[in-house]
Amino acid sequence: MTGYYTDLRIKMDAGDYKSAAKFVEDSKGKYGKKNVLLFYLDAGFLNHLAQNYMKSADYFESAKRKFEEYYQKSITAGAASMIYNDMSMAYYGQNFERVHIGIFEALDYILAGQDNEAAVEARQSNTLFRRFAVENSNKNFYKDDAFIRYFMGLVYENAGYVNDAYVSYARAIDLYRTGIVPLAVPQDLIDSAYSAALYLGMNDRAGEIKSRYPSAQRKIMPDGYGELIIINYNGFMPKKIDNVLEFALFDIWPYINQVQIDDDKERRDFEKARSVTISAFASDYVKVSFPKYEKIPSRIYSFGAAYAGGYAQGYTVQDLGTLAQKNLEAEVGKIYAKTLARAAVKYAIGKSVSKAVSDKTNSGWGLLTQIAFNVYNSLSETADKRAWNTLPETIQMSRMYLPEGINEISVEFKDAAGNVMKTENIEVEIKKGGRTFAVLRSAM
């Protein structure tokens, strides 16, 4: 589906999300039965960007059901991939992908005016983290997430569950300090935790926060104002490419090659043809392919929001690119073991069958059989490069108090040096004493 995602990203970069959402929905057949989960994830996220909030939520609910259906299957699955490759199996998804559904679906409900339904998503995320902690204590490094806790705290508070919000905020602070992705604890998060503790009368807890973070301030919304929270999805998730290792023996001349193959069709076809040629002439041939992430460049690094009387600088709250990379690194031992075992099985079968043919026919058929197995190995071995490709590389946030009514905001998207690359003007309606969310996306 290389060309498919290239075409989809063009539509996304143009900001034509309604067209992009329809493109995904019309392309369900291209995903196939083994990738139906990816279809639901892409369709949910694109409809989320297209502001089709209830349709987005429906797709995400389908994705959740598919995750649960696959959860038990994943325990016993894998026999076929020992002989073929992981692409022969359905895509089961990653735990961090499952949890992030709750972020987008919660926002769907909030933007559709259903705050309590959004709080249900927060509780489901908490349940998932408990399950990960119990069932994956020794198998999976992803057990909790600072950003998820921070955002769900906002969701709880938005629905009026201040105690739940405080618990989530406090957990988020700990996870930013000690978690998987190295990000600074957002000042807004510190202030929210501190304010929630004071509101609940937990002065000791508030004192602990103030002691650890002297910059903590109680957030007091001015009379006649409301809060705006801008969520910006920046860039694209890094793409998975093939990291290929080939070992061949021509009489007594050994051949070893390593190549990384990206999604460029011409390069991929050339490498396939080269591998087939080598395998056809080698007396012994082994090929293994592992997935590797390659960053998709983006000139936009951060954003800021200018409004009447102030400017709010955005900050990164989630680095999905790094999270995905670390998730792959945590599983690399399992991937290597499985891939090498598959290569050994293929090699042994090839040698065994070719010897049997040779012994039975006493002719050159044994060699031809070996060549056929070598060529099959070169064509069938590919890394599983499937992932939720429409996710952003990072998620950024900015929060500010604005007066009740319609407010005009000028959003500046900047490069790493702070230069403004482009601007986007938005209008938001602020409710007195309430909280408004706005969703943006940036990529260049």
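**Figure 1. Phe 39 and Tyr 59, both of them buried, in the predicted model.** The two rings have their centres 5.8 Å apart and their planes at 90°, so the pair is edge-to-face. Phe 39 belongs to helix H4 and Tyr 59 to helix H5 (residues 53-76), and the pair links parts of the chain that are 20 residues apart. Both residues also belong to one aromatic cluster, whose other members are Tyr 4, Tyr 5, Phe 23, Tyr 31 and Tyr 40. Over the whole structure, the search finds 21 aromatic pairs.

**Figure 2. The aromatic pair of Tyr 150 and Tyr 169.** The ring centres lie 6.4 Å from each other, with 65° between the planes, and the arrangement is edge-to-face. Tyr 150 is part of helix H8 (residues 146-158) and Tyr 169 part of helix H9, so the pair ties together parts 19 residues apart in sequence. Tyr 150 and Tyr 169 are each buried. Tyr 150 is also among the residues that touch the most other members of the largest nonpolar core.

**Figure 3. The largest nonpolar core, with 94 residues.** Leu 8, Phe 147, Tyr 150, Phe 151, Tyr 176 and Met 397 touch the most other members. Helix H4 (residues 36-49) supplies the largest share of this core, 10 residues. Another core lies apart from this one and has 16 residues, including Ala 305, Leu 402, Val 411 and Leu 440. In the protein chain as a whole, 51% of the 444 residues count as buried.

**Figure 4. The surroundings of Phe 147.** Neighbours within four places in sequence are left aside. The remaining contacts of Phe 147 are His 100, Ile 103, Tyr 176, Val 317, Gln 318, Ile 395 and Met 397. Of these, Tyr 176 and Met 397 are, like Phe 147, among the core residues that touch the most other members.

**Figure 5. An open sheet of 4 strands in the order E7-E8-E1-E11.** The pairing in the sheet is mixed. Strand E7 (315-319) and strand E11 form the edges, each pairing on one side only. On average, neighbouring strands are turned by 25° against each other, direction ignored. Strand E1 (residues 225-234) pairs with E11 in the parallel sense over 8 bridges. Tyr 233 has Arg 441 as its bridge partner in E11. Helix H6 (residues 95-111) packs on the sheet and touches E1, E7 and E11; the direction of the helix makes about 125° with that of E11. The secondary structure of the whole protein chain comes to 14 helices and 11 strands.

**Figure 6. The salt bridge between Arg 441 and Asp 13.** The closest N and O atoms are 3.7 Å apart. Arg 441 is buried, at a relative accessible area of 7%, whereas Asp 13 is partly exposed, at 42%. Arg 441 is also the residue of E11 that is the bridge partner of Tyr 233.

**Figure 7. The salt bridge between Arg 123 and Asp 164.** The closest N and O atoms of this pair are 3.1 Å apart. Arg 123 is in helix H7 (residues 115-135) and Asp 164 in helix H9 (residues 162-178); the pair links distant parts of the chain, 41 residues apart. Arg 123 is partly exposed, with a relative accessible area of 35%. Asp 164 likewise counts as partly exposed, at 26% relative accessibility.

**Figure 8. The salt bridge between Arg 149 and Asp 144, and a network of salt bridges.** The side chains of Arg 149 and Asp 144 meet at 2.9 Å, N to O. Both residues of this pair are buried. Elsewhere, Glu 61, Lys 64, Glu 105 and Glu 121 are linked in a network. The structure holds 20 salt bridges.

Conventions: Residues are numbered from 1 along each chain as its sequence is written. This is a predicted model: local features need pLDDT of at least 70, side-chain atom pairs count only at pLDDT 80 or more; totals for chains, interfaces and linings use all residues. Side-chain values use heavy atoms; hydrogens and water are left out. A nonpolar core is a set of buried Ala, Val, Leu, Ile, Met, Phe, Trp, Tyr and Cys residues joined through side-chain atoms within 4.5 Å. Buried means under 20% relative accessible area, exposed over 50%, partly exposed in between (1.4 Å probe, protein chains only). Helices (H or I, at least four residues) and strands (E, at least two) are DSSP runs, numbered from the N terminus. Contact means heavy atoms within 4.5 Å. A salt bridge is a side-chain nitrogen of Lys or Arg within 4 Å of a carboxyl oxygen of Asp or Glu. Two strands pair if DSSP finds at least two bridges between them. Axes are lines fitted to C-alpha atoms, for helices over the stretch in contact, and angles run from 0 to 180 degrees between N-to-C directions. Rings of Phe, Tyr and Trp (its six-membered ring) pair if their centres lie within 6.5 Å; planes under 30 degrees apart count as stacked, over 60 as edge-to-face and the rest as tilted.
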